Amino acid sequence: MQVVLKDDVENLGKSGELVRVRPGYARNYLLPRGLAALATRGNIAQIEHEKAVATARAAKLRGDAEAVSKTLSGIKVEIAVQAGEGDKLFGSVGTKDIAEALEKKGQKVDRKKIVLADNIKTIGDHDVAIKLGYDVTATIKVSVVKA
């Protein structure tokens, strides 16, 4: 029996592929869970259309992410914090602080997209990555200064 996969199925195939399976496997597992559809001309055409729409949507969103990346890459953010001897901060600068500083500059960025290996705990300039999705990453400069 031939079916068109709607989702990726481990050890069987990727979404949109036409595969041959045993009738019992299709009838009892794939079809009831919505993982596949019978391989009719209409179903094959519908799956191909959905793939084309998803690809176009992903390309548009990637283009938007790249445009945001270009605007963010030129931004330098300055954050004033209290520091003690040896330029050690009393606290630390985290993603929330960076997101608030970016918002003051007119760029709204979700703090979950800001990538910090560890909070910033020293005075100076730091490069911070922002993952915008679709394999697009922007890097901004964060300058931590004494208040």
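Strands are taken here as DSSP runs of E with at least two residues, numbered from the N terminus. In this predicted model, Gln 2 belongs to strand β1, whereas Met 1 falls in the segment that precedes β1 (2-5).

Strand β1 is part of an open sheet built from 3 strands in the order β2-β1-β3, with antiparallel pairing. The edges of the sheet are formed by β2 (18-20) and β3 (36-38), each of which pairs on one side only. On average, and with direction ignored, neighbouring strands of the sheet are turned by 40 degrees against each other. The antiparallel pairing of β1 with β3 extends over 3 bridges, and Val 3 stands opposite Leu 38 of β3. Helix α2 (residues 41-73) packs on the sheet and touches β1, β2 and β3; the direction of α2 makes about 20 degrees with that of β1.

Gln 2 and Leu 38 are separated by 36 residues in sequence, but by 6.6 Å between their C-alpha atoms. When neighbours within four places in sequence are left aside, the contacts of Gln 2 are Leu 18, Val 19, Arg 20, Leu 38 and Ala 39. Gln 2 is classed as partly exposed because its relative accessibility is 37%, a value between the limits of 20% and 50% that define this class.

Met 1 has a relative accessibility of 36% and is therefore also counted as partly exposed. Together with Leu 31 and Leu 38, Met 1 makes a nonpolar surface patch of about 220 Å².

Note on methods
Residues numbered from 1 in each chain as written. Predicted model: local features only at pLDDT ≥ 70, side-chain atom pairs only at ≥ 80, totals over all residues. Heavy atoms only, no water. Patch = residues over 30% accessible without salt bridge, like charges linked within 9 Å, V, L, I, M, F, W, Y side chains within 5 Å. Areas by Shrake-Rupley, 256 points an atom, 1.4 Å probe, with all protein chains shown as cover. Salt bridge = Lys/Arg side-chain N within 4 Å of Asp/Glu carboxyl O. Helix = DSSP H or I, 4+ residues; strand = E, 2+ residues; numbered from the N terminus. Buried < 20%, exposed > 50% of the residue type's maximum accessible area, 1.4 Å probe, protein only. Contact = heavy atoms within 4.5 Å. Pairing = 2+ DSSP bridges. Axes fitted to C-alpha atoms, helices over the stretch in contact; angles between N-to-C directions.
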